[in-house]
Amino acid sequence: MMLMQPVLEIRSPDGFALWPTAEHEGWGYLVLNGELTPAEVGTAVWRLADVNDVDPEEDDERGPRPADPLGAFLHGLLTMPDLFAPGGFRVTDPATGTVFTPGCCTGLEDWREWTAVVEGSGPAWFGHDPDARVEWIGRVVRLTQDDEDADSPVIELPVDELRRLLAGAERDLRDFLALAARWAERQLPDRAPAVTTALARALALEAPA
């Protein structure tokens, strides 16, 4: 059975000490769902804050970076108008071992482009190096890992199956956000509502009540 998972591109948070994180060797992907440990959630939140940690420019409406270490680190996540969540939806065909992974410069904030594919509005691009692409071919949906490679791995599946997989991946993403909201209440109680809202924006979801 095909598997679709929301994944966050991750690396080791070496030297980070503002909250507990899980060990992670080198670059890779962290699967986001409602079953992560608190340390894994901490790693995901660290990554989302770190990748959006952009210094405000002079007279920036975002305001100056706070002086306290926690406020300073979270400033980009809480104030950047357009957040980036490196990663995307990964699709695995266990029968063949073929894996479709998001390419560089694509993020979970754009995951709804999969919905456009399901609705038949045209092909969608999911990053470069490799040039990952999803499109309708006849009566099936084709997932090509590298559109610029004639020998690229390909996954083909009926649109109804892709629709089912997409619903499951969205559910996993929502479950992760709910889990992260509870994590923030325990770990960052003074900033939990703002952090949860920012995480929801980064994942193109509504914040949980």
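Biologist: Where does Asn52 lie?

Modeller: Asn52 lies in the loop between helix 1 (38-51) and helix 2 (69-79), where helices are DSSP runs of H or I with at least four residues and strands are runs of E with at least two, numbered from the N terminus. This is a predicted model, in which local features need pLDDT of at least 70 and side-chain atom pairs count only at pLDDT 80 or more, while totals for chains, interfaces and linings use all residues. Residues are numbered from 1 along each chain as its sequence is written, and side-chain values use heavy atoms, with hydrogens and water left out.

Biologist: Is Asn52 buried or exposed?

Modeller: Asn52 counts as buried because its relative accessibility is 3%; buried means under 20% relative accessible area, exposed means over 50%, and partly exposed is in between, with a 1.4 Å probe and protein chains only.

Biologist: And which backbone nitrogen lies 2.9 Å from a polar atom of its side chain?

Modeller: That is the backbone nitrogen of Phe84. Asn52 also touches Gly76, Leu77, Met80, Asp82 and Leu83, among others, when residues up to four places away in sequence are not counted, a contact being heavy atoms within 4.5 Å.

Biologist: Switching to Arg47, why does that one count as buried?

Modeller: Arg47, which lies in helix 1, counts as buried because its relative accessibility is 5%.

Biologist: What does the side chain of Arg47 reach at 2.9 Å?

Modeller: The side chain of Arg47 reaches the backbone oxygen of Glu9 at that distance. Leaving aside neighbours within four places in sequence, Arg47 is in contact with residues including Leu8, Ile10, Trp27 and Pro86.

Biologist: What about the whole chain, how many helices and strands?

Modeller: The chain has five helices and eight strands, and from the N terminus on its elements run β-β-α-α-β-β-α-β-β-β-β-α-α.

Biologist: How much of the chain is buried?

Modeller: Of the 209 residues, 46% count as buried. As for contacts between residues at least 6 apart in sequence, 55% join residues at least 24 apart.

Methods:
A polar contact is a pair of N or O atoms within 3.5 Å; within protein, one must be able to donate a hydrogen and the other to accept it, and residues adjacent in sequence count only if both atoms are side-chain atoms.
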